[in-house]
Each structure stands twice: as C-alpha cells, then as structure tokens.
Amino acid sequence: MTAYVFPGQGAQFTGMGKDLYDASPKAKELIDSACDILGFDIRSIMFTGSADDLKQTRVTQPAVFIHSVAAAATIDNFRPDMTAGHSLGEFSALVAAGAMSFEDGLRLVYARAMAMQKACEARPSTMAAIIGLPDDLVEKVCAETDGIVVPANYNCPGQLVISGEIEAVDKACETLKEAGAKRALRLAVGGAFHSPLMEPARLELAEAISRTEIKAPVCPVYQNVDAQPSTDPAEIKDKLLRQLTSPVRWTQTVLNMHRDGATEFVELGPGAVLQGLIKKCLPNK
C-alpha cells in the first residue's frame, strides 16, 4: 500500500511549482485559479519571489498547499490508499483524498494563515528544536518549566519541537541542554504554533471550518491530533480545528500508517523534509 504525505510550512523555496506549471495543464489550471481565489498573484511570488517574500505566513501556507495539491493532480488516476500531512499539510492530504475541494481547501488555508499571523502578532512567542533526547524527558521539562511551553511537533525519534512563550522556551532549552540535548535552538518562526497561544486563531477558524463542506474521503486520512485514521466528516472537522492548539504527532502517524499496511511513502509538495523524517521513524524499512 502507498501512503501519500504532504509537507507543511518551511518546505517553500523560490521557483516552487514552476516545473509543474510548465509540464501539466492540470497543475497550470490549479495555480492560475489560486490567484483568482486569493485575490493576489501568488503564482509570481512562488515562481520568482525572494525567500523573504515566501516566508510571510500569508504567502507560505497557501503556496505550500497549492504546490502539494498541484503535484497530486499531475498523477494519472490518482487514488491513494492513505494520506497524511504535517501541520498545514493535513489540508493538502484532505484535498488529495477527496474530502474537500481545492477551492475550499485554499480558502481555509488562507484563513488559517491570517488567523495564525494575527495570534503571533498579539503575543510574542517562539518555537525551538530539541535534538537527541527522548520525548518523555522533553515532555517532563516542559511541564516543569514556569510559563507556557509545550511539545509541538513530534517529528521523529530524537527530534521534538517545543512551542510557547519566549522566556519559557528559552528556559526549557537551557534545562534540556543541561540534560544532554545535542541541540536546543530557537527556530526562525513567527510564533508558538501548535500551542495554547494559538487559541485566538482556533476560535477565528472555527466558523470557517464549520461552513466548509467536508465529505467522506476515498481513503483514510491520518490526522495530526491523534495520529489515527479518519473517514468521518464531522470527526475530520473536529480534529482539523483542534490541530491549531495541539501537537503534530508525526512520529506516531508514520508508525501507524506502517502498522496499517503502508509499504511505500510518497511525498508530494516542495522539498523532501518528510522523507528524511520517515526514514528516521522507520530506520529498518
């Protein structure tokens, strides 16, 4: 069985999607229509924008989503056995699995990006990557640190991203370095994604998600919140909303997909970050 996986924010690069646009009429149609849906020329930013242009959350999230869905659209008779996406990539995974239209998915992604941007600006916060420690130790340090700091991305064994208030994240990093972390360093992000600090964004996105039509997907979609397969539209909506303030359980997602029969993982979207993480989750496969 083949599992199709979709990357999140951070996978963007200048020139993304240009090869798909030039080679595939389906991809060209999707990328052109995205400009009309968003009301600005995201195509030009994707193809020729600077790294700084692409780093803006309002651009990054829709750009990665557009690239990912366009990549899936170029596959003839595309019918996945299972899908999953890392954070933002979950929206791409749902569209690829037929649970949501491209148009609705793009509108939701843009609404999510703007809501997250607003939450970041309202309260200074950050994230940090912790390398080389077991998850339970990182969880313990976060729980014992004053202020808001929580596990945010379980990327692969030995790699966990924490998220929260700047002072609390810095303090947790110091403690984790003392505990033997190979690296504990702040990430260049706009705020504390997948933490309680995203609650204003969750509230803002709730109405948009409730209005969006979500159908039963053609295959199970493994969602970030619990790493379990979802096929029920109401359950999908609930988990999609909870994702904003909950950790991305990517390690568990990969292990569960493999447990359920995935023998091949194909990454669709810019870059190959997820392929590297999957190899670390399943080193002997």
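Strand E1 (residues 2-6) runs parallel to E9, and four bridges hold the pairing. Within E9, Phe-265 is the bridge partner of Ala-3. This is a predicted model, in which local features need pLDDT of at least 70, side-chain atom pairs count only at pLDDT 80 or more, and totals for chains, interfaces and linings use all residues. Residues are numbered from 1 along each chain as its sequence is written, and side-chain values use heavy atoms, with hydrogens and water left out. A word on labels: helices (H or I, at least four residues) and strands (E, at least two) are DSSP runs numbered from the N terminus, and two strands pair if DSSP finds at least two bridges between them.

E1 and E9 belong to an open sheet of five strands, ordered E8-E7-E2-E1-E9, with mixed pairing. At its edges sit strand E8 (229-230) and strand E9 (264-267), each pairing on one side only. Helix H12 (residues 250-259) packs on this sheet and touches E1, strand E2 (82-85), strand E7 (221-222) and E9; contact here means heavy atoms within 4.5 Å. The direction of H12 makes about 170° with that of E2. For such angles, axes are lines fitted to C-alpha atoms (for helices, over the stretch in contact), and values run from 0 to 180 degrees between N-to-C directions.

There's also an open sheet of four strands, in the order E4-E5-E3-E6, with antiparallel pairing. Strand E4 (149-156) and strand E6 (183-186) each have a single partner strand, so one side of each has no neighbour in the sheet. From one strand to the next, the twist averages 20°. Strand E3 (residues 125-131) and strand E5 (residues 159-165) run antiparallel and are joined by seven bridges; Thr-126 has Gly-164 in E5 as its bridge partner. Helix H13 (residues 273-281) packs on this sheet, touching E4 and E5, and its direction makes about 85° with that of E4.

Now for helix H2 (residues 25-38). Its buried residues are Ala-27, Leu-30, Ile-31, Ala-34, Cys-35 and Leu-38, where buried means under 20% relative accessible area, exposed over 50%, and partly exposed in between (1.4 Å probe, protein chains only). They cover an arc of only 145° around the axis, so they lie on the same side of H2; the arc is that of the directions from the helix axis to the C-beta atoms. Pro-25, Glu-29 and Asp-36 are exposed on the other side of H2. The buried residues of H2 pack against helix H1 (18-23), helix H3 (42-48), helix H5 (57-73) and helix H7 (102-122).

| Salt bridge | N to O distance |
|---|---|
| Asp-32 and Lys-28 | 3.1 Å |
| Arg-43 and Asp-32 | 2.6 Å |
| Arg-43 and Asp-41 | 3.5 Å |

Lys-28, Asp-32, Asp-41 and Arg-43 are linked in a network of salt bridges. Asp-32 and Lys-28 both lie in H2, four residues apart, about one turn of the helix. Arg-43 lies in helix H3 and Asp-32 in helix H2, so that pair ties together parts eleven residues apart in sequence. Lys-28 counts as partly exposed at 38% relative accessibility, Arg-43 counts as partly exposed at 23%, and Asp-41 counts as partly exposed at 33%.

How values were computed. Salt bridge = Lys/Arg side-chain N within 4 Å of Asp/Glu carboxyl O.
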